[in-house]
Amino acid sequence: MAIRRIFVANRGEIALRIVRAARELGIATVQAVSAADRTMLPARLADAVAEIGPAHAGKSYLNKEAILRAAVESGCDAVHPGYGFLSENADFAGMVEEAGLTFIGPRPETIRRMGDKATARSIAAQAGVPTVPGSEGRIEGLDQARAAAAAIGFPVMIKAAAGGGGRGIRVARDSDELAVLIPQATAEAKAAFGDGGLYLERFVGRARHVEVQVLGDGRDAIHLHERECSLQRRRQKVWEEAPAACLSPEASEALCDSAVRLAKAVGYRGAGTLEYLYDAGTGAFFFIEMNTRIQVEHPVTEMITGIDLVREMIRIAGGEPLRLSQGDVRPRGHAIEVRINAEHPADGFRPAPGTVTSLSLPGGPGVRVDTMLYPGYAVPPFYDSLLAKLVVHDETREAALARLGRALGELAVEGLPTTAALHRALVADPEVRAGDVHTRWLETWLDAHPLTA
């Protein structure tokens with residue numbers, strides 16, 4: 001292993017995940033912290049800590065210069081960006097490599113090509129991967145947007161070219177609505193990603209969100225099968241499963257093969273995810289974007305394959321070739337992950353930071369909890385509200401749902417509200433249990449089933 005000391009340029013549960021994976025490989029870690037994160041669990045468990053700035057993310061976890069300076073000064077030879085923050089910032093990846101350090105992720109040029117969603121669509125089409133009908137590249141101005149929308153057909157989705165995570169997305173049902181929403185989407189994309197560029201796609205009603213996990217070493221690539229992430233609120237995933245129960249074996253094979261083709265076409269290095277819309281009525285699937293980083297929901301893939309994705313990322317970045325062939329990946333059973341956020345479900349999911357006064361985590365076979373929480377930890381108000389990921393695995397989806405219900409019943413986080421009540425309600429819902437959902441299902445369900453706790 002060429003890597004000896006990793007700078008963890010992230011926070012929360014993913015930072016803890018990286019620290020633990022590195023330790024298992026015999027690699028030291030230096031944890032980046034803002035002034036608000038000095039007491040978080042990854043800082044306690046890392047070999048060293050480097051403060052990179054004040055609480056505001058723009059002056060700490062998004063401060064490229066401060067992070068790189070701290071990485072160099074702390075003697076690190078690699079940087080792991082986790083997810084979010086600078087994980088898909090090609091300029092940052094380039095800065096890391098120019099400083100003589102290893103970026104644990106794709107090459108900067110791959111991030112740049114696939115990170116621009118409009119460019120990624122073109123590359124996918126060239127690789128023979130189906131894409132949702134949309135604009136040819138970015139739209140420049142309202143007149144071009146109107147012309148593209150007329151060609152695509154309303155309703156259309158307005159999407160951030162540099163985006164992800166549901167930010168910058170709007171649905172326009174006619175030309176007048178398009179004129180109102182374009183400036184809004186531009187402003188949100190600019191604020192979230194520093195790039196206000198947009199493109200258009202046809203809006204697919206009752207679509208299911210499926211995605212394929214890939215792993216590549218820059219020369220070869222394999223898939224680790226698919227996940228379904230259709231349960232979303234405001235286009236933010238709240239519940240993920242692997243495999244996607246909505247797919248037939250033939251559809252799964254076609255989907256995963258297309259993902260490998262695209263990963264090979266761009267010489268992908270590291271762990272990445274290709275996201276698709278799936279029309280269960282027709283069996284058609286359409287590529288929408290690639291996330292050139294580890295995903296929040298990667299644990300469900302690890303649970304069904306037994307493959308540690310974070311360790312594999314580090315090995316590949318350290319110069320090792322893929323240790324696995326496609327035939328080595330043998331999925332088993334079914335896994336479900338639910339996101340436990342510091343939010344108040346009865347108050348419009350208002351963020352609710354606070355101090356954890358008591359904590360009881362579920363256990364037993366097939367139960368995993370990825371969290372940075374501990375009793376007495378003060379959840380800061382400056383960042384994403386994700387507190388924990390509760391993941392279960394069992395032989396069948398039905399058994400996994402039963403295990404999830406049991407684990408949610410054992411979970412107790414005191415001192416601040418969480419979204420656990422949402423998941424307790426969902427796991428008992430007949431349509432969820434039947435798998436009869438789509439990307440807009442949850443918001444309709446919430447309107448009909450307002451949560452009171």
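Strand E2 (residues 28-34) runs parallel to E3, and 5 bridges join the two. Serine 34 stands opposite glycine 53 in E3. Helices (H or I, at least four residues) and strands (E, at least two) are DSSP runs, numbered from the N terminus. Two strands count as paired if DSSP finds at least two bridges between them.

This is a predicted model: local features need pLDDT of at least 70, side-chain atom pairs count only at pLDDT 80 or more, and totals for chains, interfaces and linings use all residues. Residues are numbered from 1 along each chain as its sequence is written, and side-chain values use heavy atoms, with hydrogens and water left out.

**The parallel sheet**

E2 and E3 belong to an open sheet of 5 strands with parallel pairing, in the order E3-E2-E1-E4-E5. At its edges are strand E3 (48-53) and strand E5 (102-103), each of which pairs on one side only.

Helix H3 (residues 64-73) lies across strand E1 (5-8), E3 and strand E4 (78-80). H3 runs at about 155° to E3. Helix H11 (residues 309-317) also packs on the sheet and touches E1, E4 and E5. The direction of H11 makes about 150° with that of E4. Axes are lines fitted to C-alpha atoms, for helices over the stretch in contact, and angles run from 0 to 180 degrees between N-to-C directions. Contact means heavy atoms within 4.5 Å.

**Antiparallel pairs**

| Pair | Bridges | Residues standing opposite |
|---|---|---|
| E11 and E14 | 4 bridges | Alanine 242 and alanine 335 |
| E14 and E19 | 8 bridges | Isoleucine 340 and alanine 388 |
| E18 and E19 | 5 bridges | Valine 367 and valine 392 |

Isoleucine 336 also has valine 392 in E19 as its bridge partner.

How many residues of E14 are buried? The count is 8 of the 8, so E14 is largely enclosed by the rest of the structure. Buried means under 20% relative accessible area, exposed over 50%, and partly exposed in between (1.4 Å probe, protein chains only). Both faces of E14 are covered. His334, Ile336, Val338 and Ile340 are buried on one side; Ala335, Glu337, Arg339 and Asn341 are buried on the other. Strand E19 (residues 386-394) is mostly covered too, with 9 of its 9 residues buried.

**Helix H13**

Helix H13 (residues 420-427) has Ala420, Leu422, His423, Leu426 and Val427 buried. Seen down the axis of H13, these buried residues fall within an arc of 155°, so they line one face of the helix. The arc is that of the directions from the helix axis to the C-beta atoms. The cover over them includes strand E11 (236-242), strand E14 (334-341), helix H12 (397-410), helix H14 (430-434) and helix H15 (441-448).

**Domains**

The chain is divided into domain 1 (5-97), domain 2 (142-202) and domain 3 (207-448). These bounds come from an automatic or database domain assignment. The centres of domain 2 and domain 3, taken over C-alpha atoms, are separated by 27 Å. Their contact takes 12 residues from domain 2 and 5 residues from domain 3. Between them, domain 2 and domain 3 bury about 610 Å², 35% of it on carbon and sulfur atoms. Buried area is the accessible area (1.4 Å probe) that two parts lose on being put together, summed over both.
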